[in-house]
Every structure is written in structure tokens, then in C-alpha cells.
Amino acid sequence: MPDKKLPLSWYRKEQVVTLAQNLLGKYLYSNINGQLTGGIITETEAYAGVTDKASHAYNGRRTTRTETMYHEGGISYVYFTYGMHHLFNVVTGPKAVPHAVLVRGIYPLTGCDVMLQRTGKKSINYQLTNGPAKLTKALGITRQQNGISLSGNTIWIEDHGIKIAKEHINATPRIGIDYAGEDALLPYRFVIDYQHYIH
DNA sequence: CCAGGGATGGACT
DNA sequence: GTCCATCCCTGGT
């Protein structure tokens, strides 16, 4: 059985905006508390490190929290927000380049019973994991998984050969970053255009 | 030490 | 459309 897991080299390129687009259609898995769960990545946002006012690492900010982002690409960056939500990011780029991609949505496929249990939902559909905090809840991801390698067996991403054509990717401004000034307008959010995949 | 705010989601009008 | 739960993170005393 071929290893479909993305190699660490995949994450270590400079072009975080391209990587955010290329993550669409990949399979995100977690194996947490002995439960395998996962789905297809459908929505991402790029956060372009020190030059991006929306990034936690803007202007080279280094804190206990943001230190994770300065690590070499291929690890997770999980942080807590709004007093109740965990958000999962993929750290990308070479060492000391604090780029990250926020995973904002997946289509649930693996371990659906577990994901229903974790979220308290009744039925499997795209709405189960179509938000950045919804998918971490379904996948069981918390800050305990902050900084872990994506080449391990806890959280990883696989390439199953699905290629999302550029024209089937919608690019929009990112969500919830009004504080970022002119950078709030950058088209760094990428969503699969479902219309082309439902028939 | 402490105040202010947040890369959200669910409930409700 | 509005409201708000809830607590970590940050920067400033």
C-alpha cells in the first residue's frame, strides 16, 4: 500500500498562498484517543507571516503562542479563541518563516460515528465540519496537538490524487480579520466550488 | 496583576 | 439579521 501521506518537504515551500490552494482536495486525518476521523479539505486560508497584518506573526511578533509558527513547515499550529474554540493550522515554509494555512472546512468521510458523537450532531453532511472550529471539534483536535509533526500518526494529510482545477476554486477575502487594515481585502481564502462536484 | 479582545458557532428574532 | 458564551493571549500597569 503506497504511502499517501504528504512528505514534510511538501510543506516547506515559501509560497503559502499556493500551498493553501493545493491543500484543497487533500485528506485530513486525526487519530486521537484511538479514534480515526477525517475528511476532504474544502476550505483554507493563507496567513503570510511577518508581512501579513492578519497573521499572528505579523511584524515578526514572537510570543509563547506564535513560536510554533516559526518552526519548519510540516507541524500543526492549534490555538484557542473566543473562549471556546480551537482552530487548526498547518505551519508551512522553511524554518523561521512563520507562514500558516488555516483549515476552515472539510467534507466528513472517515469515522463519521465518532464525529457525530463529538459534535452532538445527528446526521452526516457537509455542515458537520464546514467551519474551522467545527472541524477541530469533530476531529478531536485541541491545543494538546499544537506543534506536533504532520509526519506522525496523530494528525496527517494524504494526497489521494484529487486535483481541484483552478477554475473550481473560489478565492475571497479572509473571515473575521477586519482589524488587518488593507490586508483584510487580500484574496487569501480558498473554497472548493461545490457546484462542479455535485450532480 | 488585570483589562480588552479574538482567524467562531449556535440560538434566537 | 442579532446576541453572546467563555477563556486564553497579549500588552500594559
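Predicted model: local features only at pLDDT ≥ 70, side-chain atom pairs only at ≥ 80, totals over all residues.
Setting aside residues up to four places away in sequence, His-86 touches Val-78, Tyr-79, Phe-80, Pro-132, Ala-133, Thr-136, Ile-141, Thr-142 and Arg-143. The residue itself belongs to strand E4, which covers residues 85-92. Is His-86 buried or exposed? Its relative accessible area is 18%, and because buried means under 20%, His-86 counts as buried.

From here we can move on to the DNA. Strand E4 is one of the elements that each supply at least two residues of the surface near DNA strand B, together with strand E5 (99-110) and helix H4 (132-139). There are 20 residues around this DNA strand, and those that come nearest are Tyr-79, His-85, Asn-89, Gly-131 and Tyr-179. Tyr-79 is also among the residues that His-86 touches. What classes of residue make up the surface near DNA strand B? It has 11 nonpolar, six polar and three charged residues.

Now look at the DNA side. Of the atoms of DNA strand B within 4 Å of the protein, 57% are part of sugar or phosphate, while the rest belong to bases. Ala-133, another residue touched by His-86, has a backbone N or O atom 2.9 Å from a phosphate oxygen of DNA strand B. Arg-104 uses its side chain: an N or O atom there is 3.5 Å from a phosphate oxygen of the DNA strand. With Tyr-82 we turn to a base, as a polar backbone atom of this residue lies 3.4 Å from a base nitrogen of DNA strand B.

Definitions and conventions
Residues numbered from 1 in each chain as written. Chains lettered and ligands numbered in written order. Heavy atoms only, no water. Helix = DSSP H or I, 4+ residues; strand = E, 2+ residues; numbered from the N terminus. Buried < 20%, exposed > 50% of the residue type's maximum accessible area, 1.4 Å probe, protein only. Contact = heavy atoms within 4.5 Å. Near = heavy atom within 4 Å. Polar contact = N/O pair within 3.5 Å; in protein donor to acceptor, adjacent residues only side chain to side chain. Nonpolar A, V, L, I, M, F, W, Y, C, P; charged D, E, K, R; others polar.
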